[in-house]
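Reader: Hi! Could you walk me through a few residues in this one?
Author: Happy to, let's look at it together.

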Amino acid sequence: MSRPLRLEFPGAIYHITARGNAQGAIFLDDEDRVLFFSVLAEAIARFGWLCHAYCLMDNHYHLLIETPDSNLSQGMRLINGVYTQRVNRRHARAGHLFQGRFKAILVERDSYLLELCRYIVLNPVRAKMVTDIHNYLWSSYPATAGREPAPAWLTTDWVLSRFGSRRAVAQRQYVEFVAQGRNLPSPWPELKSQVLLGSAQFLVQMQPLLAGIGDIKEIPRNQRLAHRPDLEVLFPENICKDKQVRDETIRRAYLECGYTMAAIAQQTKIHYSTVSRIIKGER
């Protein structure tokens, strides 16, 4: 059975999602949502997390969590495990509530944290659950915008500090910032290997953490290869001028980095059969 790649280190920031088993609901009513918040508050207090944003949907949830200590998996076991126990007890049922393991995307603060704070709270609008984001009470938006009291476990200071030092002004600008995001594209096309969201420099910084994961077969292949350089990096425009360097790089891209022959051929603009011969060492 495969298991997702987890990159944990002090100060890491994650976009976390967990979905209901067989796409089923994980919140049957508002009391379930309040129950989830109580479990989330326990985890944040126990593990010293910072929660920058959240949104509860019907069959899944979104969290944006910063971990000052390297303890994401411990906290998530508490959240999903304890919530499952308590909600099953409340509804007199048994069995799995969540569909497999939670999903955690490692996020670069400077390039994507603020954008994800906006993306997360706009989920109910994108799902057509509400037309006006102000009418959805189960996200961090009302508290961050200053329209509702913030729960003690929600951290709004970092988000609001991006919009100014005066809180009232920052909250107004935050509201405008979220409104401007309604029709913007999703950040997920920028996701690397399903687990990394950040700049090229961020990916380079993460490479020491990724060393050795290519040998862990239980981790999905595209996540095990998260450390590999992009094809654009491997094959700059002038590389094909030096045939020996080109051929060595083609073999490395295929044998070490796990790229397909088709992907290499497309990037280098060399015929697939030529790429195949190079990899096999044929002339």
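Reader: Is Asn88 buried or exposed?
Author: Asn88 counts as buried in this predicted model, because its relative accessibility is 9%, and buried means under 20%.

Reader: Thanks! Switching to charges: how many salt bridges are there?
Author: The count comes to eleven salt bridges. One of them joins Asp29 to Arg90, with the closest N and O atoms 2.9 Å apart. That pair links distant parts of the chain, as Asp29 is in the loop between β1 (12–19) and α1 (30–47) while Arg90 is in helix α2, 61 residues apart.

Reader: Why does Asp29 count as partly exposed?
Author: Asp29 counts as partly exposed because its relative accessibility is 26%, and that category lies between the 20% limit for buried and the 50% limit for exposed.

Reader: Which residues are linked with Asp29 in a network of salt bridges?
Author: The network links Asp29 with Glu31, Asp32 and Arg90.

Reader: Nice. What about Arg86, which residue does it form a salt bridge with?
Author: Arg86 forms a salt bridge with Glu42, and their closest N and O atoms are 2.8 Å apart. Arg86 lies in helix α2 and Glu42 in helix α1, so this pair ties together parts 44 residues apart in sequence. Arg86 is partly exposed at 27% relative accessible area, and Glu42 is partly exposed too, at 34%.

Reader: How about Arg246 and Asp247, buried or exposed?
Author: Both Arg246 and Asp247 are buried. They form a salt bridge with each other, the closest N and O atoms being 2.8 Å apart.

Reader: Last topic, a proline. Where is Pro124, in which helix?
Author: Pro124 is in helix α4, residues 123–126. Pro124 is buried, with a relative accessible area of 1%.

Reader: So what is Pro124 in contact with, again leaving aside neighbours within four places?
Author: Pro124 is in contact with Cys55, Met57, Met129, Val130 and Tyr136.

Reader: And how far apart are Pro124 and Trp138 in space?
Author: Their C-alpha atoms are 9.3 Å apart, with the two residues 14 apart in sequence.

Terms used
Residues are numbered from 1 along each chain as its sequence is written. This is a predicted model: local features need pLDDT of at least 70, side-chain atom pairs count only at pLDDT 80 or more; totals for chains, interfaces and linings use all residues. Side-chain values use heavy atoms; hydrogens and water are left out. Buried means under 20% relative accessible area, exposed over 50%, partly exposed in between (1.4 Å probe, protein chains only). Helices (H or I, at least four residues) and strands (E, at least two) are DSSP runs, numbered from the N terminus. Contact means heavy atoms within 4.5 Å. A salt bridge is a side-chain nitrogen of Lys or Arg within 4 Å of a carboxyl oxygen of Asp or Glu.
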